[in-house]
Amino acid sequence: MRGGGHNAPGVAVREGGLMIDLAGMRSVRVDPARRTARAEGGATWADFDRETQAFGLATTGGAISHTGIGGLTLGGGLGWLAGRYGLVCDNLLSADLVTADGTVLIVSPTENAELFWGLRGGGGNFGVVTSFEYQLHLVGPVLGGPALYPFAKAKEALILYRDFAASIPDEVNTLGALLNSPDGDPGAAIAVCYNGSLDAGERVLRDIRAFGPPLADDIAPTPYCKIQTLFDEAFARGRRYYFKSNFTRRISDDAIDTLIEHFRAAPSRQSIVYFQQLGNAANRVDPTATAFSHRDALCEWGCDAVWLDPAADGENIRWARELAEAMRPFTTGSDYVNHIGLETEEGTDRIRAAYGANYDRLAALKNKYDPTNLFRHNQNIKPTA
Ligand SMILES: Cc1cc2nc3c(=O)[nH]c(=O)nc-3n(C[C@H](O)[C@H](O)[C@H](O)COP(=O)(O)OP(=O)(O)OC[C@H]3O[C@@H](n4cnc5c(N)ncnc54)[C@H](O)[C@@H]3O)c2cc1C
């Protein structure tokens, strides 16, 4: 199944297989009185945010506007508003789903409730979601954007990021990264989104803006839709991508040193390494309340190898794999379902770890809704029957 086509391991595409492409199903309908929106399964966050922000509303969504709502929601969904409203899947109210045998189901807390639990973090294992219904919230403008620091201060900047992320109010969520400027100069960045009173936000973000001082400080009152497109260009379609990531509960000095050392050796200037915070409200949900179990993680760390020349595939993929292995001791050992590759690459143990304690309950759902594993080129839950 293909939603927005963003899955970096490429699970939506199968050599010699049939792909159910939802790209033609992108409508979004907002009910401003109920503060809800129903969006078709192939919509992107750009589609969704455009329609909901027309009413001053939004829900947590991915940080790049051309990502699909489909895969991102089903895997959990980290985003800027998660400090206050939880993950994307925490805002899902219901879904329409077509099962492997062609049955059309309404899936909600009151209808097919166990499947509703599984859709919130269990990935695209159980059927084709033709539409998602979300809870919306009043949002914007927000105080957000990146501050950029010199690479010579990368370690101090990431320590500041770590301490800041661990002590913020619900209104904020954060990203910390090592990246290269368009001119090819390496640097460290802290990007924030404060979703609340702008005056209060100025006070909360003071330390981020004072540190350094930054080479550039683009933190400003900004429409939410613009925050959602801040990093779109860095992930333009048509480039070559290979991602690795893991959840982490705390960011140690050694982890920071490891990232800096490996980032220096990256074969491509387009590649980045980052921390994306889960968010306070996302952390408060019980790990078994939804299929997304990694509620105790402070953030996801990741390396996004990005390059242009197919001849450089080998060295860039090797770089990401080596960095992921070097970082593994500093992580929970669990991958994010939305970034994990197929079982042939990752192995059975990593697949199970990506679902944590919820794997067996998800496998039982797979037995019930897709016992022949018709949907098998996806987030890897196998029927046990
Ligand atoms: C540049 C970039 C930025 C990202 N940023 C974030 C971020 O901020 N937060 C975050 O949490 N993740 C992020 N991700 C990861 C993202 O969640 C996954 O890539 C996700 O799989 C994308 O969903 P998609 O629908 O676009 O993908 P697709 O490749 O279209 O689909 C991936 C899989 O999801 C399932 N799926 C998709 N749509 C449906 C549907 N309607 N019904 C049933 N199954 C479906 C299928 O199994 C499908 O194979 C990012 C990825 C990229 C490449």
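A salt bridge is a side-chain nitrogen of Lys or Arg within 4 Å of a carboxyl oxygen of Asp or Glu. Keep that cut-off at hand; the model on screen is predicted.

Select Arg328 and Asp335. Their side chains meet in a salt bridge, with 3.7 Å from N to O. Asp335 is buried, with a relative accessible area of 3%.

Next, select Arg26 and Asp47, whose side chains form a salt bridge at 2.8 Å, N to O. Arg26 lies in the segment before strand S1 (28–31) and Asp47 in helix H1 (residues 45–53), so the pair ties together parts 21 residues apart in sequence. Arg26 is partly exposed at 40% relative accessibility, whereas Asp47 is buried at 6%.

Move to Asp170 and Arg284, a salt bridge of 2.7 Å, N to O. Asp170 sits in the loop between helix H5 (154–165) and strand S9 (172–180), and Arg284 in helix H10 (residues 280–284), 114 residues apart. Asp170 is partly exposed at 24%; Arg284 is exposed at 55%.

Now select the ligand. It is surrounded by 34 residues, the closest being Gly3, Gly5, Ala63, Leu78 and Tyr336. By class, this shell has 14 nonpolar, 19 polar and one charged residues. Its largest share, four residues, comes from H2.

Finish with Asn338: one of its polar side-chain atoms lies 3.0 Å from an oxygen atom of the ligand. Taken alone the ligand exposes 940 Å², and the protein buries 97% of that.

Methods
Residues are numbered from 1 along each chain as its sequence is written. This is a predicted model: local features need pLDDT of at least 70, side-chain atom pairs count only at pLDDT 80 or more; totals for chains, interfaces and linings use all residues. Side-chain values use heavy atoms; hydrogens and water are left out. A residue is near a molecule or strand if one of its heavy atoms lies within 4 Å of it. A polar contact is a pair of N or O atoms within 3.5 Å; within protein, one must be able to donate a hydrogen and the other to accept it, and residues adjacent in sequence count only if both atoms are side-chain atoms. Accessible areas come from the Shrake-Rupley method with a 1.4 Å probe; for residues, only the protein chains shown count as cover. Helices (H or I, at least four residues) and strands (E, at least two) are DSSP runs, numbered from the N terminus. Ala, Val, Leu, Ile, Met, Phe, Trp, Tyr, Cys and Pro count as nonpolar, Asp, Glu, Lys and Arg as charged, and the others, Gly among them, as polar. Buried means under 20% relative accessible area, exposed over 50%, partly exposed in between (1.4 Å probe, protein chains only).
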